[in-house]
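Have the structure open while you read.

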Amino acid sequence: MPFVIVPTLSLRAGLLMSAFLAAATIPSAVLASLVGRKIPPLFSLPFYGAVSTGCVLLLRLCVSGQALLLEDLGVYVPLAAFNGMMLELALVHPRRRASDALHDAVMMCFGFLLVAAFLSALREFLGSGSLWGVPLTAPIRIRGLVLPFSGFILIGFLSALFRRVDSIIIGRMLRASRRTAKQGGDAV
Amino acid sequence: MNLIVSMLAVLVSSAVIENLLFARAIGADHILRQTRSYRFIIEFGLGAAVISGVTVMPLWWLSQTFGRESWWNYARSMAAVLLIAVVSLLLTIAMAAAGRIQRPMRLVDQGAVYSASLAIVLLSLTAKMAFLPSVLYCFGASAGLAAAMILVHAGRERLELCVLPRSFEGLPITMIYIGILSLAIYGLIGHQLPT
Amino acid sequence: MKLRTQNPPHIRSRESNLTMMTDIVIATLPLYAMAVYYYGTRALLLGGFGVIVSSLADGACQLLAGKIPNIRDLSGAVTGLLIPLLLPASAGYSMILLAALFGIAVAKQPFGGMGQNIFNPAAAGTAFAMICWPKSAFAYPIPFERLPAMVDDTVRLVSSPAYSLSLGGTPNIDLLDMLLGNVPGPMGGTNILVLLTCLIFLIVRKTVGLAMPAAFLGGASLVALLTPRVDAPALTAVAYELMSGLLVIGAVFLINDPVTSPKRTLPKIFYGFGTGALSVAFRHIGRYEESFLFALLVMNATVWIIDVWGEHLAHAMRRKNREFKTNPPVSEPAEQDVGAAQK
Amino acid sequence: MRSYPRKGILLEQNKEPGLSKEIRILPALPVERSELPGPVSSTPDLLAPYEIVSIAKEANIVDEIDGRRLWKKLAQAARESVSGIVVDALDDEPYISSQLAPTLQFPEQLHQGLRLALRAIGASKSSIEIYRNLFDLDTRIPSSIMGVKVDRISGSYPAESYARRRMQRNSTLVVGACALLFLQRAVYEGLRQTSAFVTVTGDCVANPGNYEVPLGVSAGALLEAVGLITNPKRVVAGGSMTGFSLTDPSTVYLSQTTRGLLAFAEEFQDMGYACLGCGRCTEACPQGLSPYFIYKVMQSHRKHHIELADADLCIGCGSCSYVCPAKLDLAQVMAQAAAYTHRRQTSGGQP
């Protein structure tokens, strides 16, 4: 959650952030599915933390060319090791099979990627009037968007929107299922 | 006297101005699940304060020694993670020995404490302060985090009494609440750095 | 004949939401009159624009939430009336628009709308506008200079006494001008005498209580007295602090917002005092010259804690007080036969 | 002069023109006399207490303030040897003056009845309680009636219940004025209680006033006899604050405790207001409760802090509903909250 709220100021930063999260989440999730049951719970947290930190640092070594971007992300790069998704997948309920774990982790990271891309694009375009570093002419400049509070508020509205859409879709499905059930009843 | 004033300034700035939750959204996703009671929040803040405050001491010394080298950037966070693990293990053992643990903390809560203290330690190291201020920074930051969580918890209690639009219940309205609060604190203080 | 039953009591007071809101609207009208006197008809344009935008946004959000907008509910209009008064008279329409939209669609309706919002919509919207456009939100036109409907660069904008106070200098304006509002400042926040008259009107109409504004001004002046920012005689410094910025209009309209303030008397006093003290204290620290709105929002978040604390207090007092402990005598079942004829 | 409750609301008492008119018996509804068996004692001042109590029992007199039989109250008071009698004639509810009017118009009978009751319970002290905040009266209220001190109860609306509770606490018997009048009739004239004093008023009533009507008459018949200007939308039996509204007046019959019958032309329509949180109910509540808080808590799913609000202390005076600018039915919510709290307490925390 913090990673999508604060550092997604520009599209590049958002994408890089999600890459870091993926690097932190996927290996530890797979590892948890493989050796999770052998580790006593007291040591599991340090273990996964060390693993994901290692992966994050590797990725950072790879992208160390982007000094400015890394400067933007700042403290969130090492923090990405302890994100909610990793804790969720590795600690709370680790999957039985590695394939499931991989699937879940990839799906979660993809969802995060979508949200982060949308938010960062919006904030970069309206907040600082550019997109992927290319300066554009925004209809209106809302500088408040680059501040953390707008990140909170945008997340709130985005999730509310998703929930609304979900409820609509579920309602449709319910009605459809009821209709089919009724037809089945007529048939029988 | 000057010393005391400067220490107070460090405490206040770490607690209010660079508030972990409102300025950096750290702990935002843990708040949603885990603020069950004020007591838990107090435990959370105390744990974060102790762990980060103890961890920052050797790290500060290490960063003084190896601060120049380029590899330290990478080694720092790894060392922080490992040290925090050790310290929290020691803390758990000590509390168990003292018999102060009624029920062990859930792993997710431990993870929350971990990430919070990791963030505090790294921030206090990046601030490049003297030794005592950086320790105080840890205490102030965890106190500020606990205070912010208490505010948010009170807001959630108040929101339970409202008839919210259905799609806003739970996470969205809490996020909006934190957002407006963070706006207010930003305007009150004036300058925050979003990193 | 068949009649509809209805629960007691069978007589109701004449006061209603409509009358309370109408009182607040009436109280804002003199401020608009003064604004027209100082800045020309642009003030009316801003006010009307704000009212239209916020009322429309309110109705639209209620429709989205699946409710029927209530004609008698003037709260959106009140928000729209207050927002231009908190901003300079040279504020752009886009600023008013975004402030009203933020206030209604973010700070009010997601929380359940009328009567359930935690944060004051007008304060939240204006704070958002101040943070987004600090330059134009803190540069004020000079009184008695007619503003065109569309403000462009030709309009001369100056800073307000609050700004020079925040720099630590004494504004070279005599207090009488500040009382009469003949100083650059927020559109409705400068003319102190009119504001105090509105406050008296509202208190006489019993729409607002005396406790909160008094405690607010008291807390503000206490902190201003303890930590003066200007090297002037103490009372002069306090007067400057109180009359600069949004303190007085806040004491009239924003503090007394019934939705976002505590209910019992002692919590009301605590809340008002805290808000005043906070808003003056953070004038020292904050970057912006005006910190009242932000302090108000922060205090709004603590209202629930204050209220529960007040309930605890009242609970303890009921415990202590013998007269309240005794329940009314319950009538024994043997006597029900007499009343049975009625049922 | 005592003044309670501390809080509460000040209502405008529309007692005129009902109060100053003399109490009449409607020709359409005559009150039939039913004699008691046995002769009327020629020297009522020499009756023994048990005789007075038995006469009250024979005459079937009911105290109109709480619906208890008068002889039960007298016997209990005699057993507990209370110090004195307070005649309850304070009508603090608007429109209602069915105790005040008889007190002002039959002073001698009231005084004789009071003497009888005093002797029945063997007490000496006595006083008459009348509400103080009656502004729009045509008649002035004397400072003493036949040598009995008149005690003006000031304070705002739910003063009657407070006065009653205060009296009961310091062991004084509270008796309604009408009950004393009927006791006097039973002893001096040997009559059963076959009638009651009822205030018939409201903006639909042709000639409002206090009437002595026979028991068992339906409310509709009484309204017809008194005369209606227009067809009422609401008919209320009892007080204007605490009475209950009738669906069909022709099927509701008057009893000794029916003190008023109000017929209003207009009915409240729902304005669709929401709670503003103005806190007026909290200022008005005489018990020091916070109806706002209780309303909010009852709205929520899991009711935090409900035991904090002491909803079971509500006396149902209806002040909160009266002052509410959003026209919410707060009294109903308070009743529900009281029931909920009671269930919670009885079932040990879990309703």
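Predicted model: local features only at pLDDT ≥ 70, side-chain atom pairs only at ≥ 80, totals over all residues.

Residues are numbered from 1 along each chain as its sequence is written, chains are lettered from A and ligands numbered from 1 in the order in which they are written, and side-chain values use heavy atoms, with hydrogens and water left out.

**Chains C and D**

- Of the five pairs of chains in contact, C and D share the most contacts; contact here means heavy atoms within 4.5 Å.
- On the chain C side 53 residues take part, and they meet 80 residues of chain D.
- Together the two chains bury about 6100 Å², with 52% of that on carbon and sulfur atoms (buried area is the accessible area, with a 1.4 Å probe, that two parts lose on being put together, summed over both).
- Four salt bridges cross the interface of chain C and chain D, a salt bridge being a side-chain nitrogen of Lys or Arg within 4 Å of a carboxyl oxygen of Asp or Glu.
- In one salt bridge, D:Asp310 pairs with C:Arg318, and the closest N and O atoms are 2.8 Å apart.
- There are also 17 residue pairs in polar contact between chain C and chain D, both residues at pLDDT 80 or more. A polar contact is a pair of N or O atoms within 3.5 Å; within protein, one must be able to donate a hydrogen and the other to accept it, and residues adjacent in sequence count only if both atoms are side-chain atoms.
- Helices α1 (17-39), α15 (303-320), α16 (322-325) and α17 (336-340) of chain C each put at least two residues into the side that touches chain D. Helices (H or I, at least four residues) and strands (E, at least two) are DSSP runs, numbered from the N terminus.
- The biggest giver on that side of chain C is α15(C), with six residues.
- By class, the side of chain C that touches chain D has 19 nonpolar, 17 polar and 17 charged residues. Ala, Val, Leu, Ile, Met, Phe, Trp, Tyr, Cys and Pro count as nonpolar, Asp, Glu, Lys and Arg as charged, and the others, Gly among them, as polar.
- Chain A and chain D, on the other hand, don't touch, and their nearest C-alpha atoms are 21 Å apart.

**Two domains in chain D**

- Chain D splits into domain 1 (1-267) and domain 2 (280-346), with bounds from an automatic or database domain assignment.
- The C-alpha centres of these domains of chain D lie 31 Å apart.
- Domain 1 of chain D brings twelve residues to the contact and domain 2 of chain D brings 14.
- About 900 Å² is buried between domain 1 and domain 2 of chain D, and carbon and sulfur atoms give 59% of it.
- D:Lys7, D:Ile9 and D:Tyr162 supply 46% of the area that domain 1 of chain D buries against domain 2, more than any other three residues.
- Between these domains of chain D there are zero salt bridges and zero residue pairs in polar contact (both at pLDDT 80 or more).

**A buried valine**

- C:Val298 lies in helix α14 (residues 292-301) of chain C.
- C:Val298 counts as buried because its relative accessibility is 12%; buried means under 20% relative accessible area, exposed over 50% and partly exposed in between (1.4 Å probe, protein chains only).
- Leaving aside neighbours within four places in sequence, C:Val298 is in contact with B:Leu181, B:Ala184, B:Ile185, B:Leu188 and C:Leu278.

**Salt bridges worth a click**

- The structure holds 20 salt bridges over all chains.
- C:Glu241 and C:Arg283 pair up at 2.8 Å, N to O, and both are buried.
- C:Glu311 meets C:Arg264 with the closest N and O atoms 3.0 Å apart, and this pair is buried too.
- D:Arg185 and D:Glu212 form a salt bridge at 2.7 Å, N to O. D:Arg185 sits in helix α6 (residues 177-189) of chain D and D:Glu212 in strand β7 (residues 209-214) of chain D, 27 residues apart.
- D:Arg185 is partly exposed at 22% relative accessibility, while D:Glu212 is buried at 7%.
- C:Glu15, C:Asp23, C:Arg205 and D:Arg280 are linked in a network of salt bridges.
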